Amino acid sequence: MLNIIILVIGILAIISGAVLLINVMTGDMKLKKSVLAVLLVFGLGCIIFSQSFVMIETGYTGVKKQFGQISEEVAPNGFNWKTPFIQTIEKVNNKQQDIAFEKQIWSETANRTAIYFENVTVTYQINPSKSAWIYANVTNYKDNLVTEQLVASALKAASKTLKDEDATNRSKIEQLAMENVQESLNQKYKGEVVTVNKVVIADADFDDSYKNAIAEKQKAQLEAEKQQIVNEKNIAEAEADKKVKIANAEAAAEAERIKAEGTAEANKTIADSLTDDLQKYEMIQRWNGMPSLGSGDSMFMVDIDSLLSKESQ
């Protein structure tokens, strides 16, 4: 901007001198010639001075050219002198830059599934120390430094290493694509000429046939999960019914056991309460006048006198 201002001042000075020269026939000739000389010298001086320096803004480096030859030494930020009309200094942008590729880039996954990537943006920076090399060796470097073919190749290489479930995962595919683009650029330019900061993929999707197959698979999976839920419900109900029956059976058995133990306990109590005298008394009550009681092996003789004497006592 400063160059332009000085250049404009010089041009205006020369124009003023030319106007003065046209009117040189009138007025004080000596004075007009002096003024004309001053204006011409000042104007030419401004024009020459405006072509003698270049201001390089922050984030840029300068590349010097002289008669078509490019100097390997770059001009740093700030004020830089140059030989007027012989040398030129071209500015190279070293800030972060974005280059976008809108076309679909088709590839495949590790599972051989067709996939495409669309609206891919690569963010990169030119190494300041390599500005002169890029200017000298890359034709139209602003458009051809990071090419669509190079990015497409890097994306294809990345996707072929990922399974279907990872190929559309941005945290994985973008990181891997960035690494591949960086490696490709290093190989192409024989060194770290360009630094890739980020790769952004706006859209990634599979072929329609694959998406239809996935939809059918998901539908079948949902049906299977639904049937599994029904089966588990039926099994749970059967288990619950089984437990109820077992509990009822165990309760009935316990009741029978308690009943049997009660009966046995009662019989034992009755048996323990039968003394010999009471048994004999019961026999006498049932005696029919015969000299013996019982039958078979259990028959025995009854001593009536003994029993009556005991009764009297």
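Me: How many bridges pair β2 and β3, and in which sense?
Reply: In this predicted model, strand β2, residues 60-66, pairs with β3 in the antiparallel sense, and the pairing runs over four bridges.

Me: And which residue in β3 stands opposite Val63?
Reply: Opposite Val63 stands Val74, which belongs to β3.

Me: What is the strand order in that sheet?
Reply: The sheet is open and consists of three strands in the order β3-β2-β5, with antiparallel pairing. Since β3 (69-75) and β5 (87-93) stand at the edges and each has a single partner strand, one side of each is left without a neighbour in the sheet. On average, and with direction ignored, neighbouring strands of this sheet are turned by 30 degrees against each other.

Me: Switching to β8, how many bridges join it to β9?
Reply: There are 11 bridges between β8 and strand β9, residues 194-206, and the two run antiparallel. Within β9, Lys198 is the residue that stands opposite Thr123.

Me: What about β6, over how many bridges does that pair with β8?
Reply: Strand β6 (residues 97-101) pairs with strand β8 (residues 114-126) over five bridges, in the antiparallel sense, and Ala100 has Thr121 in β8 as its bridge partner.

Me: Which residue in the β7 and β8 hairpin takes a positive phi?
Reply: Arg112 does, with a phi near 65 degrees, in a hairpin that has five residues between the strands.

How values were computed. Residues numbered from 1 in each chain as written. Predicted model: local features only at pLDDT ≥ 70, side-chain atom pairs only at ≥ 80, totals over all residues. Heavy atoms only, no water. Pairing = 2+ DSSP bridges. Axes fitted to C-alpha atoms, helices over the stretch in contact; angles between N-to-C directions.
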